[in-house]
Amino acid sequence: MFVARSIAADHKDLIHDVSYDFHGRRMATCSSDQSVKVWDKSENGEWHCTASWKTHSGSVWRVTWAHPEFGQVLASCSFDRTAAVWEEIVGESNDKQRGLSHWIKRTTLVDSRTSVTDVKFAPKHMGLMLATCSADGVVRIYEAPDVMNLSQWSLQHEISCKLSCSCISWNPSSSRAHPPMFAVGSDDSNVTYGGKVQIYEYNENTRKYSKAETLMTVTDAVHDIAFAPNLGRSFHVLAIATKDVRIFKLVPLRRESTTTGPTKLEVQIVAQFDNHNSQVWRVSWNITSTLLASSGDDGCVRLWKGGQLPLAHSAGWIC
């Protein structure tokens with residue numbers, strides 16, 4: 001039995017995103033009040049706000065944590081057309097500051113000409129990399145070549161997706177058999193344009209990302225997208241939040257050694273749930289990919305559990 005507890009967040013406007021750190025002991029929230037707040041979980045399970053600061057000059061859409069291997073690092077993105085990287089510093093300079101932490105801006109990424117709608121750190125085996133997507137339909141991938149110097153980020157890739165982008169997710173697989181891959185969703189409201197989800201894969205030969213697949217059956221606006229943790233599977237699993245919840249299985253087809261293009265993917269829909277009976281805004285996997293959480297305009301959070309045949313077919317999934 002799950003018991004919901006509310007937290008008095010004290011944001012002055014809508015909260016757009018909530019993000020947990022790797023260990024689930026810290027949480028970040030962001031809002032249209034232009035601020036980010038960091039929360040720490042105490043020994044008795046209570047959440048306490050330990051930092052709150054103005055981050056942007058517009059609504060802050062998303063906030064996300066880097067892997068703790070790179071320190072206590074956050075990234076945020078905003079309607080003000082920028083993304084920013086923040087690092088927590090524990091004060092040592094004088095007695096007053098000693099032991100107190102504060103967050104400082106390490107860099108502002110200003111390449112987008114429109115609202116930056118999502119920001120995600122790449123899986124840690126790829127190094128310290130960051131992807132952003134924007135309403136202008138461009139995905140940008142940045143790299144910090146020196147993880148000790150977070151003020152230096154270089155723009156490595158600019159990928160035009162043709163449709164306005166709303167969300168992005170990295171494939172977390174660290175298998176050598178799987179090149180780096182990400183999925184991007186579009187909230188373009190024109191349903192006559194199919195393919196609101198596109199999959200891109202990195203090509204070692206060209207050193208560029210190219211489109212591997214478009215999910216043509218997704219025609220409605222996509223609000224969130226999430227690859228499931230891989231755990232050694234040969235295939236990929238992708239959850240999508242649109243007017244319902246959908247789970248897709250992406251099976252890489254065996255490639256000829258002579259081909260240089262992206263891996264061909266066989267797309268299978270595993271499950272489709274319309275229980276929210278409204279727009280679905282977020283989907284999130286647990287670490288073993290056996291449980292998917294979704295939240296919708298019906299005011300509910302629903303937990304979907306894979307049955308005896310996990311990720312095989314929709315009959316194996318229950319709310």
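The structure is a predicted model, in which local features need pLDDT of at least 70 and side-chain atom pairs count only at pLDDT 80 or more, while totals for chains, interfaces and linings use all residues. Residues are numbered from 1 along each chain as its sequence is written, and side-chain values use heavy atoms, with hydrogens and water left out.

A salt bridge here is a side-chain nitrogen of Lys or Arg within 4 Å of a carboxyl oxygen of Asp or Glu, and the structure holds 15 of them. One of these pairs Asp 17 with Arg 282, with 3.5 Å between the closest N and O atoms. This pair connects distant parts of the chain, 265 residues apart: Asp 17 lies in strand 1 (residues 15–20) and Arg 282 in strand 21 (residues 280–285). Strands (E, at least two residues) are DSSP runs, numbered from the N terminus.

Asp 17 counts as buried because its relative accessibility is 8%, whereas Arg 282, at 22%, counts as partly exposed.

Asp 136 has 27% relative accessibility and so counts as partly exposed, while Arg 140, at 1%, counts as buried. Elsewhere, salt bridges with shared partners join Arg 62, Asp 118, Lys 120 and Asp 224 into one network. Within it, Lys 120 and Asp 118 form a salt bridge with closest N and O atoms 2.9 Å apart, and Asp 118 counts as buried because its relative accessibility is 0%.

Key: Helix = DSSP H or I, 4+ residues; strand = E, 2+ residues; numbered from the N terminus. Buried < 20%, exposed > 50% of the residue type's maximum accessible area, 1.4 Å probe, protein only.
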